Amino acid sequence: MARVVLKDVGKSFGEIHISKNINMEIEDGEFVVFVGPSGCGKSTLLRMIAGLEDITTGELTIDGVRMNEVPPAERDIGMVFQSYALYPHLSVEENMSFGLKLAGQKKQVFEPKVSQVAEILQLKHLLKRKPKELSGGQRQRVAIGRTLVAEPRVFLLDEPLSNLDAGLRVQMRIEISRLHKRLKRTMIYVTHDQVEAMTLADKIVVLDAGYIAQIGKPLELYHYPQNRFVAGFIGSPKMNFFPVKVTAVESKQIEVELPNANAQKVWIPVDGDGVTIGSMVSLGIRPEHLVPAYEADVTLDGNVLVVEQLGNETQIHLEIPSIKQQLVYRQNDVVLVEEGVTFSVGLPLHRCHIFKEDGTACRRQHKELGV
């Protein structure tokens, strides 16, 4: 069992507070991803769990045992770093078994472990090679294998794919996901790449300036962000936002005035608690949730700034003239449109989000895909 619990955990370097009031529970066997922009404290949080950084305030427990003062070597945790950190003069087999040798294990004990892990990671035919003879993906697998042979209760992975090219990242992402399903061990993974977070995680922890912005399953964060920060961070391209004025409020819907040509008023199906008539709020809509103008009763017109043809999809960057606000529209397949022309997009109201002046979200009434 490896249940990891953080209670009111904080980390400070003098007057600089990196992690603030971190509370979370990571269940045995869960794959949890810490995600957020650079400098949000995700790697520091991982290092506190590993014991590589002292915890300033709060408590860390693993299976109910306090870990604050326990040395890293005694926490039964394995860590895979961003750098492969392989010994260049040792073979793959020697790199993978190095920690076990150091711990005093005999060859007849660790050899079967190395062989088994090498088979899982498809490294058996490479055991005699040196790191310089391996590709980037193979080196990363060796680094993961070195951690696996130690059989820790908890695996910590600190941006392990950031040094790989795009194709290898996809391949390694699939391998890590399969590995977790096979081992059923607790894994905590740090990345700034939201695609990795969405595809790997059972649960995502979004960090913002040292605080937890939201914890939830990937689709919960995508469809029901609790604040504007999470809404803008999860999704690529990020969610569109533009200011709208509240003209009427009910318990389960809010009427707002859109910045289109006729200042159209529409009802958005979100919780009206805490919203006042006359206030300015942000309307959010994901680029992929906008639709062709003929598919919606409500439309927005914009001047086309840039057209990005990606083959499988087209991304059109518009500017809404009345508010000088940019909007991204994303549609599958090829859309033939010239830069500089006026282009209309449809606004499906059940897909819209409303964020109050303090950035918190109004709870949406519409259920997405049963989430």
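Let's begin with Val-371 and its neighbours: leaving aside residues up to four places away in sequence, Val-371 touches Leu-219, Glu-220, His-223 and Tyr-224, where contact means heavy atoms within 4.5 Å. This is a predicted model, in which local features need pLDDT of at least 70 and side-chain atom pairs count only at pLDDT 80 or more, while totals for chains, interfaces and linings use all residues. Residues are numbered from 1 along each chain as its sequence is written, and side-chain values use heavy atoms, with hydrogens and water left out.

Val-371 sits in the segment after strand S20 (353-355); helices (H or I, at least four residues) and strands (E, at least two) are DSSP runs, numbered from the N terminus. Pro-287 is 84 residues from Val-371 along the chain, and their C-alpha atoms are separated by 20 Å.

Now, the sheet. Six strands make an open sheet in the order S6-S7-S8-S3-S9-S10, with mixed pairing; two strands pair if DSSP finds at least two bridges between them. At the edges are S6 (77-80) and S10 (211-216), each pairing on one side only. From one strand to the next, the twist averages 15°; axes are lines fitted to C-alpha atoms, for helices over the stretch in contact, and angles run from 0 to 180 degrees between N-to-C directions. S6 pairs with S7 (residues 154-158) in the parallel sense, over four bridges, and Ile-77 stands opposite Val-154 in S7. H4 packs on the sheet, touching S6 and S7, and its direction makes about 170° with that of S6.

My last stop is H5. H5 lies across S3, S7 and S8, running at about 160° to S8. After H5 comes Lys-184, whose phi is positive, near 55°.
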